[in-house]
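Morning, everyone. I have one structure to show, and I will keep this quick. Let me put it on the screen.

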Amino acid sequence: MNSQDCIFCKIINKEISAKIIKENNTVIVIEDIFPKAPVHYLVIPKKHIVNLSTITSLDKELVWHMIEIIKELANDLPDPKAFNTLSNNGKEAGQSVFHMHWHFISGRNIVEGEF
Ligand code: 5GP
Ligand code: ZN
């Protein structure tokens with residue numbers, strides 16, 4: 001799939017709507033359309049990268065921007081500010097949208113429960 005057919009690129013380009021939680025020049029955070037926890041966001045770089053297997057050292061800064069925005073999301077949580085980040089890489093690992101993203105999950109223990 002190229003970036004023209006990519007649902008996250010369409011959300012980034014505002015061609016389809018999503019609930020936007022945060023956005024800057026590099027990263028957008030949206031609410032997952034099918035939330036699996038009380039807080040379930042998707043942290044998505046605006047650059048179309050398929051997944052962590054295809055990322056290069058040129059994207060170092062982009063990764064830091066993703067971490068920074070995750071820290072902001074964490075700060076906005078009520079105490080105890082506990083959360084999980086999860087990235088599925090490859091179809092067999094559960095990736096269904098082939099534009100890199102990290103799930104940001106809070107309010108549900110995904111280690112002890114099913115996710
Ligand atoms: P993956 O399965 O690739 O790890 O995660 C993709 C996530 O994107 C899924 O949790 C799915 O619910 C979410 N998703 C798929 N399509 C859309 C959409 O059009 N809008 C939003 N907000 N989330 C979507
Ligand atoms: Zn894309």
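I will take the ligand site, then some backbone geometry.

One caution before that. This is a predicted model. Every value I quote is computed from it.

Start with ligand 1. Where does ligand 1 sit? The space it takes is the largest pocket.

Keep Ser 96 in mind. One of its polar side-chain atoms is 2.7 Å from an oxygen atom of ligand 1. Lys 36 also reaches an oxygen atom of the ligand with a polar side-chain atom, at 3.4 Å. Ile 33 uses its backbone instead. A polar backbone atom of Ile 33 lies 3.2 Å from a nitrogen atom of ligand 1. Now the cover. On its own, ligand 1 has 520 Å² of accessible area, and the protein covers 87% of that.

Now the backbone. Most peptide bonds are trans, and most residues other than glycine have a negative phi. Here are some exceptions.

Which bond is cis? The peptide bond between Asp 79 and Pro 80 is cis, with omega at about 15°. Pro 80 sits in the loop between helix 2, residues 60–76, and strand 4, residues 84–86.

Stay in that loop. Lys 81 is also between helix 2 and strand 4. Its phi is positive, about 55°, and it is not a glycine. Is Lys 81 buried or partly exposed? Its relative accessibility is 32%, so it counts as partly exposed.

Next, Lys 14. Its phi is positive as well, near 60°, and again this is not a glycine. Where is Lys 14? It lies in the loop between helix 1 and strand 1, residues 20–23. Lys 14 has a relative accessible area of 49%, so it too is partly exposed. The exposed class begins over 50%.

To recap: ligand 1 takes the space of the largest pocket, and the Asp 79 to Pro 80 bond is cis. That is my part done. Thanks.

Key: Residues numbered from 1 in each chain as written. Chains lettered and ligands numbered in written order. Predicted model: local features only at pLDDT ≥ 70, side-chain atom pairs only at ≥ 80, totals over all residues. Heavy atoms only, no water. Polar contact = N/O pair within 3.5 Å; in protein donor to acceptor, adjacent residues only side chain to side chain. Areas by Shrake-Rupley, 256 points an atom, 1.4 Å probe, with all protein chains shown as cover. 1 Å grid on protein atoms, 1.4 Å probe; cavity = no way out; pocket = protein on both sides within 12 Å on 5 of 7 lines; lining within 4 Å. Sits in = over half its atoms within 2 Å of the grid points. Helix = DSSP H or I, 4+ residues; strand = E, 2+ residues; numbered from the N terminus. Buried < 20%, exposed > 50% of the residue type's maximum accessible area, 1.4 Å probe, protein only.
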